[in-house]
Amino acid sequence: MSPQIAGVTVPQEDVDAVVALVADVEHAQQHALPEEFLRHFRADAIWTTGHGRLLTGLDEIAAFTRTVLPPTADSPTTAGYRPVHILFLRPDIAAVKVRQRPVTRDGVYLDEIFHGHPDPAALALDRPGALPGTPTYFLAKDDGVWRIAAAQNTVVQDPGTLAAG
């Protein structure tokens, strides 16, 4: 499914490059490759983790990533990433809403348990590992390359959003 595109008009190659960046982030996360993940950040980037930790600058983001990402290589679950909405604020600045879904290595999406459930909030208390994420990436295009300038990763806890999927 293609993302919704809004804002200023940009060439299709920019849309494709942004979608490819999200796919590269997914690949790096799924295969626990810190350096592949880190190459997508500006040196002055800021990142807020899903648990609210603020990381400023590539050095701090790198130290955190090199600590937390490698141990996930043997995890039975990972995450799938899909850009759902791209707002081009300017030809060189984009806000990207990403759907992040917990998935087993066999391809089973864990957040499916919430869809249509009568009490997803109660279910979330029992299955926190099944909660999806809803990151927003702010990208800047410098010297023809899109990179993450800022990002906020948030865990979805809203019952209506969980039930709707």
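User: Which elements each supply at least two residues of the lining of the largest pocket?

Analyst: In this predicted model, α1, β2, α3 (57-68), β4 and β5 each contribute at least two lining residues to the largest pocket. The space in that pocket is about 880 Å³. Its lining comprises 33 residues, and those closest to the centre are Gln29, Ala79, Tyr81, Gln100 and Asn153.

User: What makes up the lining of the largest pocket by class?

Analyst: The lining has 18 nonpolar, 13 polar and two charged residues.

User: Why does Thr48 count as buried?

Analyst: Buried means under 20% relative accessible area. Thr48 has 16% relative accessibility, and therefore counts as buried. Thr48 belongs to strand β2 (residues 41-48). Beyond its neighbours within four places in sequence, Thr48 contacts Arg53, Leu54, Ala151, Gln152 and Asn153.

User: How do you know that the span of helix α1 agrees with what it should be?

Analyst: Helix α1 has 19 residues (residues 12-30), which at 1.5 Å a residue should span 27 Å; the end C-alpha atoms are 27 Å apart, so the two agree. Just after α1, Ala32 adopts a positive phi of about 55°.

User: Which residues of α1 are buried, and against what do the buried residues pack?

Analyst: Asp14, Val15, Val18, Leu21, Val22, Val25, Ala28 and Gln30 are the buried residues of α1. The elements that the buried residues of α1 pack against are β1 (4-7), α2 (34-38), β4 (77-90), β5 (93-104), β6 (136-142) and β7 (145-152).

Terms used
Residues numbered from 1 in each chain as written. Predicted model: local features only at pLDDT ≥ 70, side-chain atom pairs only at ≥ 80, totals over all residues. Heavy atoms only, no water. Helix = DSSP H or I, 4+ residues; strand = E, 2+ residues; numbered from the N terminus. Expected span 1.5 Å × (residues − 1). Buried < 20%, exposed > 50% of the residue type's maximum accessible area, 1.4 Å probe, protein only. Contact = heavy atoms within 4.5 Å. 1 Å grid on protein atoms, 1.4 Å probe; cavity = no way out; pocket = protein on both sides within 12 Å on 5 of 7 lines; lining within 4 Å. Points joined across faces, edges and corners; volume = space filled by probe spheres on them. Nonpolar A, V, L, I, M, F, W, Y, C, P; charged D, E, K, R; others polar.
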